[in-house]
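Let's take a friendly walk through a protein model, one part at a time. Keep the sequence and the 3D view open while you read.

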Amino acid sequence: MLQSRYLLSGLGLSLMIATLPAHAAGLSSEHKAFGKTNDGTPVEQYILRNSHGLQATVITYGATLQSLKVPDKNGKAEDIVLGFDDVQGYQAGTAYFGATIGRYGNRLAGGAFKLDGKSYQVPKNDGPNSLHGGTQGFDKHVWKAQPSKGKDSVGVTLTYLSKDGEMGFPGNMKTEVTYSLTENNELRIEYKASTDKPTVLNLTNHSYFNLAGAGNGDVLQQLATLHASHYTPIDGTLIPTGELAPVAGTPMDFTHPTAIGKNIKADHPQLKFAEPKQGGFDFNWALDAKGDVSQLAADVSDPQSGRRLQLYTSEPGVQFYTSNFLDGTVKGKAGKVYSHWGAFTLETQHYPDSPNQANFPSTRLDPGKTYTQHTVFKFSAQ
Ligand code: GLA
């Protein structure tokens, strides 16, 4: 259509571009080999680009966002997510850099839950609890992928079949994750899932952002706003107490732009639970938008580079985690070292341990129903 319109009308190219759908104007994608797992399974990478210099790379190992290049206020693009240059890094990694998390994101107390009177057990991999789906979650599998195209976006759709009984969860669960990049500088992540037996699920993306660039120091001076007047306090094993507590008057109050480092070392028992030595954030905030994807959920900016990230989500909660477990021993892309507090995550989710918490929104999925989740990361620079 582009060609025939152009030839027939004889209009100038700039006018043509303004009137064309965005994908024709400047969006492109390509895919190629990324490497092989230790057992020889090929892993592919999908590279999505827009005309404003944004570039997202997704690999089929863990349906992982491997890199995200975003221009700063001077137009200089830098990779702002932590990760590795090869599959082996991801296979050996324990920090879930950029991965799709499932079947149950965040923690299940004792790795256990009950459904219709029956007990299920997920392998424990976080002290007494299970974390991010157990010892081999969705992040440690190679997904199938195909390019996708929306009205105003380019993308990749990844699928994974989690078998009945895998990591203790009931039901064959078909999972689909679509990453798309738009000309409005949005990276959209859309999830779908269905099951043939009642099950529980909590899917999320575990990108670690540093708006100054991955491996360029810590994020303590970056300004975070979380549109959440409540959070779910935790016990010493990071399991929610079940309470929804007001953030007002606590270091968890990010209702106005606040430097991430401002209160990170505050003498508050919750911060000590999250990071016993120096303090840190690792909590689920209950978003005021309550799953309304059109409302701003979070907003983080870096005064130095001018980069800004705005978050929108259909999920009721977000885990804001300040990389408390990174200790400068992990070497990532281009040999850069990822320091303590070297990034933050915004894991959009249902609340942790929901299957064991009667007053939290349900994470149950029944046969015949489709689970959906929609999260948007929008970027700009000032
Ligand atoms: C989530 C958890 C953290 C930590 C990271 C992965 O953010 O809440 O406690 O386990 O994942 O390292």
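What follows looks at the ligand and its surroundings, then at the strands and sheets, and finally at some backbone details.

## Before you start

The structure you are looking at is a predicted model. Residue numbers begin at 1 along each chain, following the sequence as written, so you can look up each residue named below.

## The ligand and its shell

Begin with the ligand. Where does the ligand sit? It is in the largest pocket. Around the ligand there are 13 residues, and the closest of them are R107, H132, H206, D282 and E347. Sorted by class, this shell holds six nonpolar, four polar and three charged residues.

Now look at the oxygen atoms of the ligand. One oxygen atom of the ligand lies 2.7 Å from an N or O atom in the side chain of E347. For the side chain of H206, an N or O atom is 2.8 Å from a ligand oxygen. The side chain of Q319 also has an N or O atom 3.2 Å from an oxygen of the ligand. How much of the ligand does the protein bury? On its own, the ligand would expose 300 Å², and the protein buries 96% of that.

Strand 13 (residues 173-182) runs antiparallel to strand 14 (residues 186-195), and nine bridges join them. In this pair, Y179 stands opposite I189 of strand 14. Strand 14 is in turn joined to strand 28 (residues 371-381) by eight bridges, and these two also run antiparallel. There you can find Y191 opposite Q373 of strand 28. Strand 28 is also antiparallel to strand 24 (residues 307-313), with seven bridges between the two. L309 has F379 in strand 28 as its bridge partner.

## Two hairpins

Strand 1 (residues 28-36) pairs with strand 2 (residues 42-49) in the antiparallel sense over eight bridges, and K32 stands opposite Q45 in strand 2. These strands form a hairpin with five residues between them, and in the turn G40 has a positive phi of about 90°.

The other hairpin is made by strand 13 and strand 14, with three residues between the strands. Its residue N185 lies in the loop between those strands.

Most residues other than glycine have a negative phi, and most peptide bonds are trans. With this in mind, what is the phi of N185? It is near 65°, a positive value in a residue other than glycine.

Which peptide bond is cis, with omega near 0°? The bond from G102 to R103 is. You can find R103 in the loop between strand 6 (99-101) and strand 7 (107-108).

Terms used
This is a predicted model: local features need pLDDT of at least 70, side-chain atom pairs count only at pLDDT 80 or more; totals for chains, interfaces and linings use all residues. Side-chain values use heavy atoms; hydrogens and water are left out. A residue is near a molecule or strand if one of its heavy atoms lies within 4 Å of it. A polar contact is a pair of N or O atoms within 3.5 Å; within protein, one must be able to donate a hydrogen and the other to accept it, and residues adjacent in sequence count only if both atoms are side-chain atoms. Accessible areas come from the Shrake-Rupley method with a 1.4 Å probe; for residues, only the protein chains shown count as cover. On a 1 Å grid over the protein atoms alone, a cavity is a set of points where a 1.4 Å probe fits but cannot get out, and a pocket is an open set with protein on both sides within 12 Å along at least five of seven lines; lining residues have an atom within 4 Å of a point. A molecule sits in a cavity or pocket if more than half of its atoms lie within 2 Å of its grid points. Ala, Val, Leu, Ile, Met, Phe, Trp, Tyr, Cys and Pro count as nonpolar, Asp, Glu, Lys and Arg as charged, and the others, Gly among them, as polar. Two strands pair if DSSP finds at least two bridges between them. Helices (H or I, at least four residues) and strands (E, at least two) are DSSP runs, numbered from the N terminus.
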